[in-house]
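The sequence and structure are shown first.

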Amino acid sequence: MDKIRKIGFVSLMSLIFLIAASLTAFGTGYLPCPKREYYMAYLAGGVLILILSGLAVFIVRKNTAVNVICFMANSVALGLCIRSWYILRELENNLLTLFLVCIACIAYLWIFFGLCLIPAIKRHIKLFFWVWLFLSFIGYTVAVALTETTFLSTFGFYMLVVSSFIYAIVSHSDDKKQLMRALTLSTYTVVVVAIIVAVLIFAEDADLDIDFGGGTTADILSVDTKKIKQLKEENDKFLNE
């Protein structure tokens, strides 16, 4: 498959995926439900969609229409995970900001392929992909440490999926059907996003603070000392009796 058409197709599908996820994350903010009580429901909804689409894409492997449906379903799953994260941290992004995050992710994809035009990199494109991924992680971590914006936290989640789209491009595919299949399978990196959000929810419930952008503070060693003290007093009382 021609490289220019391949990059153009993946760029278009990536933009559609991210915009659909953004519309889901934004639109669910208007649902009439108590915010703090429903972040687990949104995450569970996203995970359920991932499970159902995963079964469908595994059973019906060669049907392009099924792959496209699963591709779009996973974008909704990503949007639900993002909404769960927003509710958990009491964050919000307007539609314009979410659209700018989508554009930034497409620019991230194009920068990668712009660098791949360099002959030395072109000869070792898969190796460069892993180097690029590592450098992206370092750069993102530094950016989050130095700034506190919901833009960056959302970009980080989106970047995980876009990175998998990049890998789908550098992998071999003869036609659009194979490429669409590869892109659909790549969307299951949303599972990683779901795991990250689940860990953050667990940390919140356990009184642990983890810095992931959006104005949050970092204190991994924070524990509920009142509960520990209460348990100790009850134990001492029991022994004294």
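pLDDT is the predictor's confidence in each residue, on a scale from 0 to 100. The model is predicted, and the protein chain averages a pLDDT of 79, with 79% of the residues scoring at least 70. Over residues 210–229 the pLDDT is below 50, although this stretch has 37 contacts in the model beyond near neighbours in sequence.

The protein chain contains 10 helices and zero strands. Of its 241 residues, 42% count as buried. Among contacts between residues at least 6 apart in sequence, 78% join residues at least 24 apart. The chain exposes about 13400 Å², of which carbon and sulfur atoms supply 71%.

The largest nonpolar core comprises 62 residues; Phe 17, Leu 78, Phe 112, Phe 113, Tyr 158, Ile 166 and Leu 183 touch the most other members. Elements giving two or more residues to this core include helix H1 (3–27), helix H4 (95–115) and helix H7 (150–170).

Helix H4 has 21 residues and reaches 31 Å from its first C-alpha to its last, close to the expected 30 Å. At its start, a side-chain oxygen of Asn 94 lies within 3.2 Å of the backbone nitrogen of Leu 96. The buried residues of H4 include Val 101, Cys 105, Leu 109, Phe 112 and Phe 113. Leaving aside neighbours within four places in sequence, Phe 112 is in contact with Ile 125, Phe 128, Phe 129, Trp 132, Ile 166 and Val 170.

Technical notes: Residues numbered from 1 in each chain as written. Predicted model: local features only at pLDDT ≥ 70, side-chain atom pairs only at ≥ 80, totals over all residues. Heavy atoms only, no water. Core = buried A, V, L, I, M, F, W, Y, C linked by side-chain atoms within 4.5 Å. Buried < 20%, exposed > 50% of the residue type's maximum accessible area, 1.4 Å probe, protein only. Helix = DSSP H or I, 4+ residues; strand = E, 2+ residues; numbered from the N terminus. Contact = heavy atoms within 4.5 Å. Expected span 1.5 Å × (residues − 1). Polar contact = N/O pair within 3.5 Å; in protein donor to acceptor, adjacent residues only side chain to side chain. Areas by Shrake-Rupley, 256 points an atom, 1.4 Å probe, with all protein chains shown as cover.
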